[in-house]
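User: I have a structure open that I have not seen before. Can you walk me through it?

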Amino acid sequence: MAILVGSGTKAIVQGITGRQGSFHTKLMLDYGTKIVAGVTPGKGGQEVHGVPVYDTVREALAEHDANASIVFVPARFAKEAVMEAIEAGLELVVVITEHIPVRDTIEFLAHARREGVTIIGPNTPGIITPGECKLGVMPGHVFERGPVGMVSRSGTLTYEIASQLTRAGLGQSTCLGIGGDPVVGLTFTEVLDMFEKDPETEAVVIVGEIGGNLEELAANYIEERAYGKPVVAFIAGRTAPPGKRMGHAGAIIMGRAGTAESKIEAFKRVGVPVARTPREVASLVAEKLKKG
């Protein structure tokens, strides 16, 4: 078992003929992901790494069975691309694109909720179920199948912590990045719920960062639900100055809100240990699993 993606995932790549779309399509295919079609308006009839290209999502779905899409479309066209995927009836849309205007994101997320479509991102490294499916830009070789689920706001830290877990003999069930923008599709709490229901996932790692209140909401959820699986957290940005954006558009402290301290305190208050360094995450997870 896993969450959201697995061996049964069949995906299309929107923006497949672009530099990033083409490059990562090759890596996803090499990993074993079932990429059945690509979409770039005006480029229908071409092939990219043996994958047929269509002008629209509906044309692609008329010829191929697919249930997911990954979007590499430039920011100014991203809303239209995501809307097209939603209206075509796909179950999951992974939005890699960054710098999408917040208003555009709000509009396509609202439409996705109405249609029951799951959105990961925008500005996400994607999602991977090791050994089965990779929809994203993460380096597949650092992940290994196992009992630890990971949900993160940081791409680079996802890879680093996954590598540390793998080296410690702690494989992963599914790892995903919710995205680093101020407004995103899936939240920590929604992914926590999925991991709690997944029989393969025995422990969960949350990788948060400064800005917003998603981590505090996750801590409240863990407390209110009496969450049934051990959770370990890491918060990036402990030394970030207030008012200055650090990397992600959502990683900015405004006043007293969104600080690393507030997030760390929230997790510690509900019994979730917070690692001081990415390397420490693996040892904390190992301790939790041993006690469990």
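Analyst: Start at Val151, which lies in strand β10, residues 145-152. Strands (E, at least two residues) and helices (H or I, at least four) are DSSP runs, numbered from the N terminus. This is a predicted model, where local features need pLDDT of at least 70 and side-chain atom pairs count only at pLDDT 80 or more, while totals for chains, interfaces and linings use all residues. Residues are numbered from 1 along each chain as its sequence is written, and side-chain values use heavy atoms, with hydrogens and water left out.

User: Is Val151 buried or exposed?

Analyst: Val151 counts as buried, because its relative accessibility is 0%. Buried means under 20% relative accessible area, exposed over 50%, and partly exposed in between, with a 1.4 Å probe and protein chains only.

User: Which residues is Val151 in contact with?

Analyst: Leaving aside neighbours within four places in sequence, Val151 is in contact with Leu176, Ile178, Phe188, Val191, Phe195, Val205, Ile206 and Val207. Contact means heavy atoms within 4.5 Å.

User: At what angle do α6 and α7 pack?

Analyst: Helix α6 (residues 188-197) and helix α7 (residues 214-224) pack at about 40°, and their axes are 8 Å apart. That angle makes α6 oblique to α7. Axes are lines fitted to C-alpha atoms, for helices over the stretch in contact, and angles run from 0 to 180 degrees between N-to-C directions. Angles under 35 degrees count as roughly parallel, over 145 as roughly antiparallel, 65 to 115 as roughly perpendicular, and the rest as oblique.

User: Which residues make the contact?

Analyst: From α6 there are Phe188, Thr189, Leu192, Asp193 and Glu196, and from α7 there are Leu214, Glu215, Leu217, Ala218, Tyr221 and Ile222. By class, the contact of α6 with α7 has seven nonpolar residues, one polar and three charged. Ala, Val, Leu, Ile, Met, Phe, Trp, Tyr, Cys and Pro count as nonpolar, Asp, Glu, Lys and Arg as charged, and the others, Gly among them, as polar.

User: Now the core. How many residues does the largest nonpolar core have?

Analyst: The largest nonpolar core has 46 residues, and those with the most contacts inside it are Leu135, Leu192, Ile206, Ile222 and Phe267. Such a core is a set of buried Ala, Val, Leu, Ile, Met, Phe, Trp, Tyr and Cys residues joined through side-chain atoms within 4.5 Å. Apart from it lies another core, of 27 residues, including Ile12, Ala37, Val93 and Val95.

User: Change of topic. Where is the cis peptide bond?

Analyst: A cis peptide bond joins Gly121 and Pro122, with omega about 10°. Pro122 lies in the loop between β7 (118-120) and β8 (126-129). Gly121 counts as buried, at 0% relative accessibility. Gly121 touches Val95, Ile178, Val184 and Gly185, leaving out residues up to four places away in sequence.

User: Which residue other than glycine has a positive phi?

Analyst: Leu4 is one, with phi near 70°. Leu4 sits in the segment before β1 (10-14) and is partly exposed, with a relative accessible area of 33%. His99 also has a positive phi, about 65°. His99 is found in the loop between β6 (92-95) and α4 (102-115), and at 63% relative accessibility His99 counts as exposed.
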